[in-house]
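Dear colleague,

Please find the structure below, together with its sequence. A summary of the findings follows.

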Amino acid sequence: MCRPAVVSPLLVVMLSGLVGCATTSAPGPASEQTDRAERRGSFTDAPVEQKAPLLPSAYFVGDGATFVGWRCSPSQDMVSATQEDSFRLWTTHGAEQLPQAVVDQGERYQRGELSAHIIGERAVIKSSRGRLECEARTRRDSLRRSDKPGVMFLARGNEPGWHLELANDVPRIDMSLDYGEREVSLPYRVTTLDNGAGRVILESGRADAPFELRIEAGACFDDMAGTPWPAQVTLNVNGRQLQGCGQGIAP
């Protein structure tokens, strides 16, 4: 679990294959201090006075209700969401938002030389570097704040099963690790926030419980269910690297 004036990161996608979002374990010693603290149950909510950061818009779908996973030829997988008057497209290298354009049949969206023409379950993506023929394969309803009250961002992964939530009001992360055997709630600090690239890096706000969370806008597919997501997530905690997918949750 990645621009001459008109050339977007999407154009690179025409020559690249899908980067999977499988969960892996990275070598390296686990933090014994962190493990002991978790076993003692000392990972509890810390008092936080700051507000939660504003995450990049590329993690959200606005008024879009459904994520669609596309299988394209030449080999490439993408994720999309249709909004009221625009089309958001995620590749393995980033995200693009295309405004609606005039077309006789189906739906068409275009920004510069990049365009998407959708008719039913098929789509044609064109750019200055080529043409992709795509077919809709998977769908997933977008999570809303009513589904996850108080949550601004949610991510999950497999083997071992884990998930995390970022609170929408304060910089706090709640993690469920090892199939729910460990429940962790910690404050965090933002070390990188790049809205243009859709990249955020968070680190623990407590020295005795280190972790690093990296979020990047880009097509991601659950490696067990195959469901589409708009963000690639990497969580480094307790000497392990866990990879998965995530989504910003709009009110």
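Strands are DSSP runs of E with at least two residues, numbered from the N terminus.

The model is predicted: local features need pLDDT of at least 70, side-chain atom pairs count only at pLDDT 80 or more, and totals for chains, interfaces and linings use all residues. Residues are numbered from 1 along each chain as its sequence is written, and side-chain values use heavy atoms, leaving out hydrogens and water.

Strand 15 pairs in the antiparallel sense with strand 14 (residues 211–221) over nine bridges; two strands pair if DSSP finds at least two bridges between them. E216 has Q232 of strand 15 as its bridge partner. The two strands form a hairpin with six residues between them, and G226 in the turn has a positive phi of about 75°.

Strand 15 is also joined to strand 16 (residues 240–248), antiparallel, by seven bridges. In strand 16, C245 is the bridge partner of Q232. This hairpin has two residues between the strands, and N238 takes a positive phi near 55°.

Elsewhere, eight strands close into an antiparallel barrel in the order 1-2-3-4-5-6-7-8. Eight bridges join strand 1 (residues 66–73) to strand 8 (residues 130–141), which run antiparallel, and C134 in strand 8 is the bridge partner of C72.

Yours sincerely

Definitions and conventions
Helix = DSSP H or I, 4+ residues; strand = E, 2+ residues; numbered from the N terminus.
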